[in-house]
Amino acid sequence: MKYRLLAGGSVLVLTAALSACSTPSDSAGGDGRTTVDVWLMRDSVSDTFQKEFTADFEKRHPKIDVKIQIQEWDGIGQKITAALASNDAPDVIEAGNTQVAQFAESGGLLDLSDRTDELNGEDWLSGLAEPGAYEGKQYGIPYYAANRVVIHRTDLFEKAGIDAKAIKTREQWIDATAKLNKGGTQGIYLPGQLWYALAGFIWDEGGDLATESGGKWSGALDTPEALRGMAFYEELQALGKGPKDSDEDDPPQAEVMAQGQVAQVISTPGGANVIVEKNPELKGKLAFFPIPGKTAGTPGSVFTGGSDLVVPAAAAHPEEAVTFIRELTGDTWQKKLAVAMSYVPNRTSLASAVAGDPGAAAMAVGAANGHATPNTPGWAAVEAENPIKDYMTAVLTGGDPAKEAAQASQDITRAMNAGS
């Protein structure tokens with residue numbers, strides 16, 4: 001399955017145009033049955049999984065029918081906003097984890113804080129749970145996650161005498177990458193603007209992209225911690241020939257690795273499928289390990305992309321909506337979803353469900369140290385402008401890190417507070 005972590009925090013590749021608008025949830029009929037109206041996103045579940053889950057749910061809850069409508073990621077923010085402001089909102093909506101704050105700010109979501117215990121909130125992945133909360137209240141219930149790992153060429157590692165399983169720290173990773181960076185092989189292909197990877201290195205150092213004080217957000221790329229994160233990115237990026245002025249999509253890094261001269265890329269595991277599609281000779285020569293951290297006992301921090309489930313305040317059937325969410329995010333169906341779709345389950349205690357899927361297993365290790373972008377509606381403006389990318393290119397092309405970080409932090413501050 002092809003993955004891509006989107007700016008909205010959701011997984012998967014964008015497709016096609018918007019599907020038809022929802023119709024109001026059906027009220028309980030004369031037979032006492034209620035229809036719960038659900039929006040799920042394109043490719044978040046397979047047709048087979050959807051049918052199996054629906055049949056099981058309706059069998060276990062004979063008074064509830066399920067109507068699932070598949071939505072497209074393209075334009076979904078506007079569509080959800082319109083639905084939340086209407087009187088015919090669906091009962092359950094899948095939203096990208098970093099989208100929840102903007103929907104909660106509008107007052108259009110049901111506060112589910114008093115339902116977290118029954119929904120297994122004790123060990124939710126923080127990268128899903130934290131952005132699902134807004135101003136101390138829980139609106140989004142973690143659904144599934146995905147994050148980046150290191151995809152590597154096993155044959156090149158073996159030729160260089162490197163055991164990928166032994167790479168647990170940044171220092172070991174740098175040493176191994178330097179050994180691989182010879183004889184025409186790039187030790188790693190790391191484009192200059194892969195800012196989600198930079199965010200992980202900053203989080204490892206104890207820094208952040210932005211911080212909040214007194215209700216105002218400020219860019220934080222100029223802190224000592226964030227500057228150390230950028231310094232590590234610069235060191236790693238130099239061990240390959242990745243362009244300094246573009247991101248992982250220009251050119252597509254999977255296609256670059258498919259050309260045969262790249263030992264590693266930082267990607268979601270689905271990137272391996274693309275690499276093999278482009279170069280079938282690499283089938284069986286790709287594997288995964290979690291992004292290493294500063295110490296062997298803690299994996300590197302990663303941006304957790306994925307989705308939460310929310311209930312509109314205008315939902316016709318909020319209790320049935322919670323019942324639906326409880327089943328879909330419970331142990332049984334989380335394990336099945338993880339296996340079917342190669343996702344990371346929504347709870348740390350369920351990580352073993354993907355032990356048989358090497359890519360998902362590597363993701364699950366990293367997800368335990370997952371983070372989200374700043375949890376505020378203003379972050380959307382930052383991603384739209386994205387001064388982080390410009391900052392990275394400026395540093396990698398010789399700019400003074402402190403000076404460039406200060407400018408980028410000012411740009412982030414302005415963007416985040418533009419509407420306040």
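**View 1. Q186 lies in the loop between α6 (170–180) and α7 (195–204).** Helices here are DSSP runs (H or I, at least four residues), numbered from the N terminus. The model is predicted, and local features need pLDDT of at least 70, while side-chain atom pairs count only at pLDDT 80 or more. Residues are numbered from 1 along each chain as its sequence is written. With a relative accessible area of 11%, Q186 is buried (buried means under 20%, with a 1.4 Å probe and protein chains only). Leaving out residues up to four places away in sequence, Q186 touches L180, N181, L239, G240, K241, G242, Q261, V262 and A263; contact means heavy atoms within 4.5 Å.

**View 2. Helix α8 (residues 224–237) packs against helix α15 (residues 387–396).** The angle is about 60° and the axes are 11 Å apart, the axes being lines fitted to C-alpha atoms over the stretch in contact, with angles from 0 to 180 degrees between N-to-C directions. This makes α8 oblique to α15 (angles under 35 degrees count as roughly parallel, over 145 as roughly antiparallel, 65 to 115 as roughly perpendicular and the rest as oblique). From α8, L227, M230, Y233, E234 and Q237 make the contact, and from α15, Y391, M392, V395 and L396.

**View 3. Helix α15 is mostly covered, with nine of its 10 residues buried.** The buried residues are P387, I388, K389, Y391, M392, T393, A394, V395 and L396. They pack against α7, α8, α14 (379–385) and α16 (401–416). Just after α15, G398 has a positive phi of about 105°.

Notes
Heavy atoms only, no water. Helix = DSSP H or I, 4+ residues; strand = E, 2+ residues; numbered from the N terminus. Buried < 20%, exposed > 50% of the residue type's maximum accessible area, 1.4 Å probe, protein only.
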